[in-house]
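Hi,

Here is the structure I promised to send over. Have a look at it first, and my notes on it follow below.

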Amino acid sequence: MPRTVRLATLAVMGLLLAANACTDMIVPPDTAKARQLLGNVAIADEGRASSLDDALSAINARAPGFGGMYINEQDELVLVLTRDANVAVARAAVSTVLGGMPGKEGAAIRTVSGTYEINELRTWRRLYERSGDYSKIVLSDLDERQNRIVFGVLDMSSASAIKASLIGLGIPVEAVIVKHTSLPIKLTTLQDSVLPIIGGLQFWSRIPNQQSKPCSTGFNAKLTGDGSNLYMITNAHCTLTFAAVDGDSLYAPSYIPFWRQALGHETTDPAFSAIPGCPSGRVCRMADAAAFRYTNSASGTLGDLARTLFYTIHSSGITLVRDSNMVLSGPVRDSLLLSGQWIQKVGRTTGWSHGRIDQTCFTATAFTGKDLLCQYNAWNANAVSPDSLFVNAGDSGSPAFITNNHQEYSEGVYWLAGLLWGSSYSATPGDPYGKRTFFFSPISGVKTDLGISQIAVNECEPTASFNACR
């Protein structure tokens with residue numbers, strides 16, 4: 001039968017709890033509330049433990065007064081001990097439980113003063129997690145370095161409620177640190193497995209190595225006359241045949257191997273024709289754009305673009321921030337696409353970058369005898385370094401968008417300007433970076449060619465300053 005552990009500071013019985021397939025060895029505080037909520041059950045001293053907290057508890061069971069340990073900047077082991085602790089006993093307990101002494105071999109072992117024993121802190125933490133006001137807490141930690149319980153909150157205004165809950169449970173307020181904590185960022189890249197599909201991710205229109213190269217998803221939309229389905233909009237040249245529906249499918253790196261199941265199929269990619277404004281003897285379109293209808297509309301999200309961790313001049317800028325999408329407010333009308341206006345894009349190769357609109361509403365030749373009317377381009381006006389590239393192969397189909405102050409976090413106000421479809425580079429005397437340019441079809445042209453009726457959930461048009469709906 002496991003022996004019962006008694007702490008010098010707490011003449012109470014322990015508690016044996018199983019959690020996450022490991023044994024929690026904790027001792028409740030000597031209060032009526034704790035006895036009522038947790039009860040008195042013997043704590044098992046099972047030697048070596050599976051988690052760090054288990055190990056710390058096992059050390060405390062052998063060494064009363066043990067309050068934690070850590071490695072300092074000199075790679076020395078530091079023991080946190082209360083004034084009643086015996087250093088020799090603590091060192092022996094650490095060696096027994098861990099199978100040796102951590103830290104740099106031959107380095108000194110330091111001690112610092114602590115206030116609480118590990119099993120006190122662990123008990124109080126578990127008691128609070130089970131019975132306290134936990135609604136505002138996003139991080140809970142037994143901090144063996146600070147010799148405290150640490151609760152992380154998104155808003156420090158909740159600290160008073162936590163303090164009141166601690167007092168009600170008989171837990172010393174001084175044993176707990178409440179601090180502001182940001183939620184952890186979930187990291188993926190624009191080229192990884194991401195569902196639902198949003199603008200700026202990698203996709204394929206054919207099985208790899210079968211006349212297909214990766215492109216970028218543009219945005220999701222509803223088409224006129226079809227309110228029940230959702231469509232992914234990207235470049236027509238990312239399909240096998242520009243200006244023809246030829247059986248292409250939407251493959252995203254969300255399946256292993258991902259080509260076993262298509263997420264959608266191409267449905268709209270109109271032919272070139274002699275539309276108004278087309279030069280004599282030529283055929284034209286308004287945009288390099290095609291629509292893929294999702295097999296299941298839940299595979300995409302209307303109005304969302306990918307947000308990356310790095311921005312503008314940073315390398316490795318394709319790291320995706322999950323659960324923090326840029327949400328479109330609506331489309332940009334052509335009259336606001338002025339030369340010199342800041343514009344941004346996010347694509348699978350170079351991520352999130354921005355520049356200034358250069359040439360406006362020009363006619364561009366897509367193929368011999370075939371033109372795109374009223375196109376735009378933008379250049380790297382902020383002189384991004386070569387490792388950022390600004391735009392590169394694979395960014396075709398990227399959404400081009402505008403914010404109210406061209407900054408990376410612009411109060412959540414984002415407006416869709418169009419679809420990126422090409423790039424160019426020219427050396428500039430005295431400029432080590434050169435001039436990099438991306439070309440895009442404005443959203444007005446994309447809507448005309450594909451019959452788009454909606455690109456955002458609560459869609460509106462921007463004011464001239466892009467800071468609100470007009």
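A word on naming before anything else: helices (H or I, at least four residues) and strands (E, at least two) are DSSP runs, numbered from the N terminus. Keep in mind that this is a predicted model, where local features need pLDDT of at least 70 and side-chain atom pairs count only at pLDDT 80 or more, while totals for chains, interfaces and linings use all residues. Residues are numbered from 1 along each chain as its sequence is written, and side-chain values use heavy atoms, with hydrogens and water left out.

**The overall picture**

The protein has six helices and 29 strands. Of its 470 residues, 52% are buried; buried here means under 20% relative accessible area, exposed means over 50%, and partly exposed is in between (1.4 Å probe, protein chains only). The accessible surface is about 20600 Å², and carbon and sulfur atoms account for 51% of that (Shrake-Rupley method, 1.4 Å probe; for residues, only the protein chains shown count as cover). If you take the contacts (heavy atoms within 4.5 Å) between residues at least 6 apart in sequence, 66% of them join residues at least 24 apart.

Two strands count as paired if DSSP finds at least two bridges between them. The antiparallel strands β15 and β16 (residues 264–268) are joined by two bridges, and Leu250 has Gly264 in β16 as its bridge partner.

Thr267 also belongs to β16. With 28% relative accessibility, Thr267 is partly exposed. Apart from its neighbours within four places in sequence, Thr267 touches Tyr231, Val245, Ala291 and Arg293. The side chains of Thr267 and Thr268 make a polar contact of 3.4 Å. For that term I used a pair of N or O atoms within 3.5 Å; within protein, one must be able to donate a hydrogen and the other to accept it, and residues adjacent in sequence count only if both atoms are side-chain atoms.

**A buried threonine in a loop**

Where is Thr181? Look in the loop between β8 (176–180) and β9 (187–189). Thr181 is buried, at 11% relative accessible area. Once its neighbours within four places in sequence are set aside, Thr181 has contacts with Val138, Leu139, Gly152, Val153 and Leu154.

**Helix α6**

In α6 (residues 443–450), the buried residues are Ile443, Gly445, Val446, Asp449 and Leu450. Viewed down the axis of α6, they fall within an arc of 160°, so they line one face of the helix; the arc is that of the directions from the helix axis to the C-beta atoms. Gly451 follows α6 and has a positive phi, near 75°.

**The disulfides**

How many disulfides are there? Counting a pair of cysteine sulfur atoms within 2.5 Å as a disulfide, the answer is four. With bonded cysteines counted along the chain, their pattern is 1-2, 3-4, 5-6, 7-8.

- Cys215 and Cys238 have their sulfur atoms 2.1 Å apart. Cys215 is in strand β12 (residues 215–216) and Cys238 in the loop between β14 (226–234) and β15, so the pair ties together parts 23 residues apart in sequence. The link is left-handed, with -90° about the S-S bond. Cys215 is buried at 8%, and Cys238 is buried at 7%.
- Cys278 and Cys284 are joined with an S to S distance of 2.0 Å. This link is right-handed, with 80° about the S-S bond. Cys278 is buried at 16%, and Cys284 is buried at 1%.
- Cys460 and Cys469 have sulfur atoms 1.8 Å apart. The torsion about their S-S bond is about -50°, so this disulfide is left-handed. Cys460 is buried at 16%, whereas Cys469 is partly exposed at 43%.

Cheers
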